[in-house]
Amino acid sequence: MDGLDPPGLSRRFPARPDSAASARRFVRAAVHGAGPVDPDVAELLVGELVTNAVLHAGSEIEVQVRAADGTLRVRVVDDRVDRHVVPLYGHPYASTGWGWALVEQLSSRHGVTTDGHRKAVWFELRPPEVASSEVASPEVPSPEVPSAGVRAGDPDSSTAAAGTVTLVDLPCALYSASQQHRHALLRELLLAVSAGTRFGVRPRDLVVAHDISNVISSRVAAALGVQPSDADMRTLSLSVPAEAATAVPTLRGVLDLAEAAARQERLLSRPGLPQIRAFRDWLLEEITRQLAGEEPTAWTLVPREPSARPSELTPWDVRQVQGSRVPTIAADDANRVIAVNRAAADLLGWHEDELVGQRITALVPEHLRDRHVAAFTSLLLTGNPSILGRSVPLPALHRDGGLLPVRLFIQTQEAADGRTVFVAQLIPRASEPAPAPDTSAAPDRARLEPGGTPAGPHPEAVAAEGAAPHPETAAEDATQGAAPGARDDVHRTRTALEGLSLLADTRSALAGTPDLDVLVQRVCEVLVGRLADWCVVDLLDEHDQLDRVRVVHRNAAALPPEAYEGRLPPMCETARGPLPRVLRGAGPLLLTEIPPPSQATSALDARQLDLFEQLGVGSAVVAPLRARREVLGALTVARIGGPHPFTEEDLPLISDVAAALALGVDNARLYRETRHIAERLQRSLLPALPDTEHLHLAARYAPSSTSAQVGGDWYDAFVVPSGDTVLVIGDVTGHDLKAAVAMSALRNMLRGIAVDRQEPPGDVLRRLDLASHTLYRQATATCIYGLLKDDREDGSRSLHYSLAGHLPPLLTTREGDTRYLDAAAGLLIGMDPETPRPTAREVLPPHSTLLLYTDGLIERRGEHLDEAMTRLRQHTAALAREPLHVFCDELLIGLAADSTDDVAVLAVRPTPPA
């Protein structure tokens, strides 16, 4: 049975898709009446094997069948010994890759044999009583997976010319998802072509695409098997056949046609999401480029759009959601919640367990649900990432039915099993953190092999950075060949220079961002890259509770769940370990002999010693973070072991680094405190809108999506003693606490003047200008002051208004006609209080919408204002008949996403008496 001579019946079939069906009929006829073997199973398995031979061998196929002694033996023979069977072991969500898994599960025995010229993939089927009666079964060779450096299935490496391709920083989870999607598209195209629908794909190109796709999968599987690792980001060297240089472009063209058909909903398979498409293009481009002699380009160095960069390229891990301090929810592609953290559940009034399994629409206000479903469906069906990677202001639905103003930030991540997970942060608009810095163009950091040994740097990184060595390696290189007496002097010189460089890099990492999390991460990355194998930053909060805010290791896969950031046990009197000592003012402390966790005297000590044990410590230094005579926390740096442990000579340098970090932490906290004060002040000044008869009002306020977040935007609406309704919107120049304070003063002064004088809007603004010029000489602001009079019987309103350097209000009729009201334009507040200010009058028809807004809604850097104002008119015209709260929410979603300025809008709609 192990030879290749035809036993029993045999038939040859051409390498065409319809051969699978012909082979199934042949086998069914051959086994008819041959015994108790199930012909359906035989037919299923031979169909899978012939299909694989058609796709990946491309030669004439021979099917051999023999039934004897209650056993059915079937072999599928082809002429391509260089195309071995490579089990892909499809994930539960894969739509392809199950052929060999079916053979393994349903056959009694199976294997692959070659004689150097032909290859046979075979299986045996036996009835249960025959199989169970055997004492022992001969060992059958499993399908071979090629070793590194040799083409898959090549018995002789000289069979055909091959090239070596290096995939630098290949993300395994994303590769798995991309492979599944690629195979699904190709398999469905094969079925479509077999049925006569070609989608512009030539059958020969489809065969080539299937073949080279399988070759790529086999080579990557082989490389991953040779170098097993838990790390998601890997660097692999593949040996690929020479014909890949022409076959890969064919594969790319076929996949492009398949994507187009999927976007048109002509296939059952969905089009690839942005990161899937970006990764696939990189993978195929790398193979083509490197076979042409070009140098590798790391996946991590390829520039991509934000929507195509899933969360810093890290694979999905539910612990990332559970451990995050930001309200975070994860959903699958069926729009169901699969994970939620405590912060999000508390924000929305739920318990975590109650949200898991629900549709995400349970958290979306009713008037936005259709829009959400349409956008999500469009994303899945077209791959258009209109909302991914953007910060969009909108309301979330609280469990009690109330609306919560948040900014929604959605990214995708790939699970290890190939699923795509949608991770959403719900950031309350009153306290939005700064976005993480863009690291897509950052230099390639040293990679680690499974044992923790740094791999060689990427060629581009070597060229860009001169392949700077690790400090310890550099010191060793500098002392090679030196006399014993001179060697210590050279080492001390190198250490001093490296110390100055490290301190300079630390201070550079602290510059440019006021965000606490970002600066701590940056400093830890500098330390791990230059000084230590891992480091930890612990910070005390205002209640003296200790939080582990960052743990960074050279090898991210080395971090166990217990080492992740979070609240630490309280520092009690019994705590005597290094960390409690440092938090009380000691240090920096050098640790060379680490006791086991069993010797800890407190829960805090046990947590620290447990971390040391899990991550491995040969030596460590724990240094206090001191600023303004207070200890803010502690910095721990550790080396796993080796010839260069920390010594007393390292303490001054680490102390200097800790001092710089402490100053950065203190400044970030002061900035955050100042910002929060301003935000609370700003929100406290936003009024409750008056409830007026036959007049609907709605307003929205969204801070900037950038780090500024504090500005002088405000809106106001109130009724004066005469019964008229006042409408105000304004913007004080600046984005800091001073602007918020000036805004508060102007708002209150304007309220007092309006109630006391009840004069035309131009006169009121002139009085405001005079008061501002007297009390706040340095402040300037734009403002609109409007007075709505109910003096018409048809339900319309008379608007008397004046503009002080502000963008004109926009009037939109129920029919969608739009017009800017700019008849009463004047100077900014704070420029010249003696200049007369005009007042204009406009009639607001029933059911029309008057929109007052600040410039953050429409202005964008590099865009002409006329284009921005035209876009606003188009949006309001499309929303003219929507309820007023829907009108405002849709404006923010459509225009204020990613706005770098504060946004305030005030909308008014008169309605006629019933």
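Let's start with strand β17, residues 619–627. Eight of its nine residues are buried, so β17 is largely enclosed by the rest of the structure. Buried means under 20% relative accessible area, with a 1.4 Å probe and protein chains only. Strands here are DSSP runs of E, at least two residues; helices are runs of H or I, at least four, and both are numbered from the N terminus.

A word on the source. This is a predicted model: local features need pLDDT of at least 70, and side-chain atom pairs count only at pLDDT 80 or more. Residues are numbered from 1 along each chain as its sequence is written.

Now, the partners of β17. Strand β16, residues 589–591, pairs with β17 in the antiparallel sense over three bridges. Pairing takes at least two DSSP bridges between the strands. Leucine 590 stands opposite valine 621 in β17. Strand β18, residues 630–639, also pairs antiparallel with β17, over nine bridges. There, glutamate 630 in β18 is the bridge partner of alanine 627.

Next, two helices. How do α12 and α23 pack? The angle between α12, residues 366–382, and α23, residues 884–895, is about 40°, with the axes 10 Å apart. Axes are lines fitted to C-alpha atoms over the stretch in contact, and angles run from 0 to 180 degrees between N-to-C directions. Which residues meet? His367, Leu368 and Arg371 in α12 meet His885, Val886, Asp889, Glu890 and Ile893 in α23. Contact means heavy atoms within 4.5 Å.

Last, valine 121. Valine 121 sits in strand β5, residues 119–125. At 6% relative accessibility, valine 121 counts as buried.

Definitions and conventions:
Side-chain values use heavy atoms; hydrogens and water are left out. Buried means under 20% relative accessible area, exposed over 50%, partly exposed in between (1.4 Å probe, protein chains only).
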